[in-house]
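Hello,

Here is the structure for you to look over. My notes follow below it.

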Amino acid sequence: MKIGLRSKMSKDVIWTFTIQMTIMVCAFAITKILSNRLSVDDFGQYNLIKRSVQVLSFVMLAGVGIALPRYIPLYQKSARPKPIAPLLAASIIYIIGVSLLVCIICVIFRSQMEHLILGETNNTLLFVIALSYAFILAMSQFAYAYYRGTGNFKWYNGSNLAIQLAIIVPLIAIPPLTTMSVFVSWLIITAMLTAFFLIREICKTKRKSLDCTIIKTELNTIVKYSFGRLLADFFLFSLAAFPLIYISSRHGLQPTAYYSVGITFVTMVTPLYSFMGIILLPYVSEAIAKHELQKADHFIKKLTIFYIGSAIFAIAFIYVFIDFLTCFFFAENYLTTTSLSQIMILSILPQALYLLYRNPIDAVSVIPYNTIILGICFVFMVLLFHYSNTLTELAWAYIYASLLQGLLSYITWFVLCRKKQQL
C-alpha cells in the first residue's frame, strides 16, 4: 500500500477532503436557511426528524455500508480475485429484507414510533414520508459504499455533493417552507439521483457470475459480517438522535431546538474527520490482503497526532467566536444557546478519534467491536441523561459519553493491531 505524495491514496485524500469541505458548506447553508425560514418549533421538529431518519436509514442499510468497502478490495486484490456481482446482489436483498422488517415494526408500533420520530402523533403522511426517505437514504449509502469499495472516490464524492447541492434548491424555491415540504422535496430529489447512480452501475456490472448458489453464499458472508454492525449503525446515530428525542419528550420542541444548536456545531466539524475514515477502510483492507498492516498502522499513528491538534484548534476557534458563528449559521434568537454550545463542542476531540479508528477496526476484525463500543457508550449516555435535569447537565452528559467513545476506540485499535501483527 503506497502512501507517497503522488500515490493514489494521496490523490484520493485531497479529492475527498476538497469535496467534503464543500459538502460541509452545503450543510452550513441548509442549517442557516432552515433556522431562518422555519419557526423555532418547526426547526426543533426538523432536527428531530432528521436525526431519527438517519438512525432508521442506517438500520435499513444493515451494516452493508461497511461490508462492501471491506470485501470488495479483499475480493479484487487477493491472489485469486473473485467476482463482486453476487456480493452486490446479496447486499441489495439483505437491505430490502431488513428495511421491510423495520417498516413492519414501525407500523405495528405506529403511535409510539410517530412520537419518537416526529415529536407528535396522528400525522400519518409525514410518518410515511420519513420512512420512505430513510429507505432512499439507505440505498444512496449503498451506492456510496460501492464507490468506496471499488476505490472510485471521484464518483463517491461527486454523488454525495450532487445530492447535497440538489436538496438546497427547494429550500430557496418553495415559498411557504414547512417541515412537510422540506422532507417531501428531499425524498423526491434523493430518490431520483440515487436511482440514476444505481442504474448507471448496474448497467456496467458483469452479471455472468450471478448464480443463485453463489448469491446465497455471499448473502451468508454479508449477514455474518454485517448483522452485528447493524446494531453499531443504530447505536452510532442514536448517540446523535437520542438527546433530541429525549429532550423533545421531556422538555418540549423549543429546548430541543436550542440543544440542537450545540449538536449541529459538532456535526458541522466532525465530517472533516470522517473523510479519512472513508478512505481508510478500503485501504486497510487492501493492506491486510497484501500483508502490509504495519505500514497502515504507522500512517494511522501520524493521523492521530494531526487529528488531536486540529480538533483542539477547532474547539478553541468555535469557543472564541461562538456568538458570531451562532448568528452566522443560525439566527440571533439562538444567542441564548452559546454557553450550552461552548460545553458541547468539547466532544469534537473524542469523536474525531473515534472517527479515525472505527474504519480500521472494522477492516481488521470480523467481530463487531464497534458495536460493543457504541453499545456501551449509548447505555452510558442514557443513564447520564436519566439523572440529568437541566440542559447544562444534559450537555455535560453528551461530553462524557463522547469521551468514553474516543477512549474505547483507541484502546481497541491498539490491541487489535498488535495481535494482528503478531500472527
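How are H3 and H4 oriented to each other, roughly parallel or roughly antiparallel? H3 and H4 are roughly antiparallel, as angles over 145 degrees count as such and those under 35 degrees as roughly parallel. The axes of H3 (residues 64-77) and H4 (residues 85-108) come within 11 Å and cross at roughly 170°. Axes are lines fitted to C-alpha atoms over the stretch in contact, with angles from 0 to 180 degrees between N-to-C directions. Helices are DSSP runs (H or I, at least four residues), numbered from the N terminus.

The H3 side of the contact (heavy atoms within 4.5 Å) is Val64, Leu68, Tyr71, Ile72 and Tyr75. H4 brings Leu87, Leu88, Ser91, Tyr94 and Ile95. By class, that is 9 nonpolar, 1 polar and no charged residues. Ala, Val, Leu, Ile, Met, Phe, Trp, Tyr, Cys and Pro count as nonpolar, Asp, Glu, Lys and Arg as charged, and the others, Gly among them, as polar.

Next, H6 (residues 124-149) and H8 (residues 179-204). Their axes come within 9 Å and cross at roughly 30°, so H6 and H8 are roughly parallel. Their contact has 19 nonpolar, 4 polar and 2 charged residues.

Two charges sit over rings (NZ of Lys or CZ of Arg within 6 Å of the ring centre and within 35 degrees of the ring normal). Arg70 is 5.2 Å from the ring centre of Tyr71. Lys82 is 4.3 Å from that of Tyr75.

The model is predicted: local features need pLDDT of at least 70, side-chain atom pairs 80 or more, while totals for chains, interfaces and linings use all residues. Numbering runs from 1 along each chain as its sequence is written, and side-chain values use heavy atoms, without hydrogens or water.

Regards

Definitions and conventions
Helices (H or I, at least four residues) and strands (E, at least two) are DSSP runs, numbered from the N terminus. Angles under 35 degrees count as roughly parallel, over 145 as roughly antiparallel, 65 to 115 as roughly perpendicular and the rest as oblique.
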